[in-house]
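Morning, everyone. One structure today, and I'll keep it short. Please have a look at the screen.

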Amino acid sequence: MTRFIGRYLRELVNPRYEVRAFIHQCYTIGFSSLALIGTTGFIMGLVLTMQLRPSLIAYGVVSQLPVMVSLAIVREIGPVISALIFAGKISSSIGAELGSMRVTEQIDAMEVSGTNPFKFLVVSRVLASTLMLPLLTVLSDAIALYGSYLGVNIKGHTSLQLFFSDVFDALNYGDVIPALIKTFFFGAAVGLIGCYKGYNSSKGTAGVGLAANSAVVASSLAIFIIDLLAVQITDLLGLN
Amino acid sequence: MSITEKYRLTQMVHTDGPVIKVCDLKKGFGTKVVLDDLSIELNRGESIVVLGRSGSGKSVFIKCIIGLLKPDAGSIHVLGQDMATLDHDQTDRLRSHIGFLFQSNALYDSMTIRENLEFPMRRHLNTLVREQLDEHIIKTLTNVGLAHTVDMMPAELSGGMQKRIALARALVLNPEIILYDEPTSGLDPITSKEISSLMTGIQEQYNTSSIIISHDMSCVKRTADRIMVLLGGKCYAMGSWAELARSNDDNIKQFFE
């Protein structure tokens with residue numbers, strides 16, 4: 001895996017750049033995940049609000065609901081849940097696609113055609129997933145906050161303007177930037193693991209299933225490990 | 001002059017000798033020796049069929065020639081170029097002179113037939129405009145009798161048609177050499193005969209030299225100028241169909257019975 005990452009970084013900076021493949025992957029990876037991540041974000045915001053409300057009422061701080069929900073979503077739940085959904089959808093799909101291409105000799109055919117298959121298949125996918133996940137997370141966070149606004153209004157009444165005014169008052173750059181930065185690492189991990197498992201798959205069609213399955217498991221685990229490291233680093237930097 | 005000849009970016013410098021010269025080739029996987037001091041020369045316009053039992057290293061042999069596998073020892077000269085001394089770019093340029101037909105066809109299943117054929121052209125002939133690409137793709141597909149499939153997906157085609165498309169993709173850069181890995185495997189006898197005829201027709205039309213791996217003896221008889229029997233990783237016998245068919249050696253006879 002270390003050698004694979006090293007090769008990825010080397011091929012990333014070396015010309016020739018597979019711009020068309022990269023744009024195609026951005027569309028495939030980003031656009032295809034939009035509905036799923038948006039829906040998950042909405043449900044996440046709504047449910048979190050409805051779950052928190054009784055506890056906050058008990059402590060007499062229900063007015064702090066937008067603050068608590070926004071901090072939870074933007075700092076932790078939004079990035080991690082989006083990344084896990086992304087891993088389930090993208091990492092498995094990359095693992096299966098590349099695994100199948102390996103088994104049917106399509107990767108060899110690319111090499112014979114004078115194309116660097118690593119650059120064409122791996123670099124374009126990893127770069128696309130690295131850049132698409134932060135965008136999807138921002139979108140998911142926004143939809144989750146809207147879901148939260150609707151959740152607040154189920155049993156109470158708050159205007160949209162007041163709700164988002166509370167949200168933006170509660171958030172500062174120290175909440176948003178580290179959370180956003182870690183999503184780049186989540187995206188890179190999802191892409192790299194999916195590509196690694198698929199590109200190196202063997203054992204015929206059984207290997208394709210194995211590549212897809214192990215890509216999801218390893219990506220999900222990697223997301224939690226990166227999250228743990230990110231929390232430690234932001235803590236050391238005094239951003240918590 | 002064809003489009004590919006006109007626009008070929010780099011012409012390889014090569015001698016008038018054999019188009020492929022393999023000397024003392026060794027290749028193993030772990031402790032298993034697959035190819036052991038294998039030597040062979042392929043002359044211009046010639047077609048050599050490699051016969052051998054499953055697992056005898058036939059596919060490994062042609063994958064070493066195209067550079068998909070690295071030999072453990074020995075040398076491979078293709079069009080006068082020593083494969084071991086070429087860098088990545090030079091290997092890619094050399095590969096534009098070699099067509100490779102995979103056993104599994106290896107068509108890109110997420111791309112249309114047009115995009116499958118366009119793929120190697122975009123790499124090697126990137127100065128061509130859309131109209132020229134289309135013209136050449138249609139011409140190549142017409143040569144394999146499948147021009148009407150240009151906008152179809154590989155999954156929409158039968159096994160025989162996929163084989164023809166794979167052959168068209170191997171031909172699209174007007175290669176001087178074609179390597180066939182079991183071109184008729186998995187096909188019915190009639191389609192197999194059609195593919196064999198297509199291969200001989202292509203050899204005449206494109207003046208290619210070829211190495212063919214096949215177990216299909218009717219295909220072997222139809223396409224081979226010389227036949228090499230691969231046994232124990234070595235060239236066990238080499239000769240024409242008539243010569244080998246007359247052999248009393250049990251290791252050779254078993255293929256011709």
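A definition before we start: two residues are in contact if their C-beta atoms, placed from the backbone, lie within 7 Å. And a reminder that this is a predicted model.

Start with the interface. By that cut-off, 14 residues of chain B are in contact with 10 residues of chain A. Which elements of chain B give two or more residues to that side? Helix H3 (88-95) and helix H4 (113-124) of chain B do. The largest share is from H4(B), with four residues.

Now chain A itself. Eight helices, zero strands. In sequence order the pattern reads α-α-α-α-α-α-α-α. The C-alpha trace spans about 70 × 35 × 30 Å along its principal axes. Chain A has 240 residues, and 46% of them count as buried. Take its contacts between residues at least 6 apart in sequence: 88% join residues at least 24 apart.

One helix pair to zoom in on. In chain A, the axes of helix H3 (residues 65-103) and helix H6 (residues 160-170) come within 8 Å and cross at roughly 55°. That angle makes H3(A) oblique to H6(A). The crossing is right-handed. Who makes the contact? From H3(A), we have A:Pro66, A:Val67, A:Ser70 and A:Leu71. From H6(A), A:Phe163, A:Asp166, A:Val167 and A:Ala170. Sorted by class, this contact has six nonpolar, one polar and one charged residues.

That's it from me. Over to the group.

Note on methods:
Residues are numbered from 1 along each chain as its sequence is written. Chains are lettered from A and ligands numbered from 1 in the order in which they are written. This is a predicted model: local features need pLDDT of at least 70, side-chain atom pairs count only at pLDDT 80 or more; totals for chains, interfaces and linings use all residues. Axes are lines fitted to C-alpha atoms, for helices over the stretch in contact, and angles run from 0 to 180 degrees between N-to-C directions. Angles under 35 degrees count as roughly parallel, over 145 as roughly antiparallel, 65 to 115 as roughly perpendicular and the rest as oblique. A crossing is left-handed if the near helix is turned anticlockwise from the far one by less than a right angle, and right-handed if clockwise. Ala, Val, Leu, Ile, Met, Phe, Trp, Tyr, Cys and Pro count as nonpolar, Asp, Glu, Lys and Arg as charged, and the others, Gly among them, as polar. A residue is buried if 20 or more other C-beta atoms lie within 10 Å of its own, exposed if 12 or fewer, and partly exposed in between; C-beta atoms are placed from the backbone.
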